[in-house]
Amino acid sequence: MGADSKVHRLGVIGPLGETLTLNSLPPADTKRWIIRRKAEVVAAIRGGLLTSEEACARYRLSSDELESWQRAVDVAGMPGLRVTRTQHYRDLYEKQSRLGLLD
């Protein structure tokens with residue numbers, strides 16, 4: 001395999017303990033991003049089911065938006081993905097980053 005080949009896993013464990021596959025991920029035309037769907041996409045990327053670039057293309061997301069989901073999960077778990085809490089967790093992440101608490 002060349003350096004550019006992509007090897008994907010067939011399934012990964014999702015945020016609620018279920019097995020996720022490409023077919024069980026949220027539909028590509030998802031418009032309403034509830035917490036669980038965001039967490040499933042983050043888990044799929046982290047588990048090697050798809051790449052960040054593939055997720056952005058599949059769901060028409062900006063890389064910044066996807067990165068914000070990943071940061072929210074890192075800082076606060078699934079509750080960090082709540083739209084109403086996004087700014088709070090973003091501020092918390094930036095403060096932790098400034099203090100050197102994140103590596």
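**Exercise 1.** Which residue just after helix 2 takes a positive phi?

Solution. Arginine 60 does, with a phi of about 55°. Helices here are DSSP runs (H or I, at least four residues), as are strands (E, at least two), numbered from the N terminus. The model is predicted: local features need pLDDT of at least 70, side-chain atom pairs count only at pLDDT 80 or more, and totals for chains, interfaces and linings use all residues. Residues are numbered from 1 along each chain as its sequence is written, and side-chain values use heavy atoms, with hydrogens and water left out.

**Exercise 2.** Find the buried residues of helix 2 and state where they lie on the helix.

Solution. Step one: buried means under 20% relative accessible area, exposed over 50%, partly exposed in between (1.4 Å probe, protein chains only). In helix 2 (residues 52-59), Ala55, Cys56 and Tyr59 are buried. Step two: seen down the helix axis, these residues fall within an arc of 100° (taken from the directions from the axis to the C-beta atoms), so they line one face of helix 2. Step three: the face turned away from the buried side carries the exposed residues Glu53 and Ala57.

**Exercise 3.** Classify the ring pair of tryptophan 33 and tyrosine 59.

Solution. Step one: rings of Phe, Tyr and Trp (its six-membered ring) pair if their centres lie within 6.5 Å; planes under 30 degrees apart count as stacked, over 60 as edge-to-face and the rest as tilted. Step two: the centres are 5.1 Å apart and the planes of tryptophan 33 and tyrosine 59 stand at 85°, so the pair is edge-to-face. Step three: tryptophan 33 and tyrosine 59 are 26 residues apart, and both are buried.
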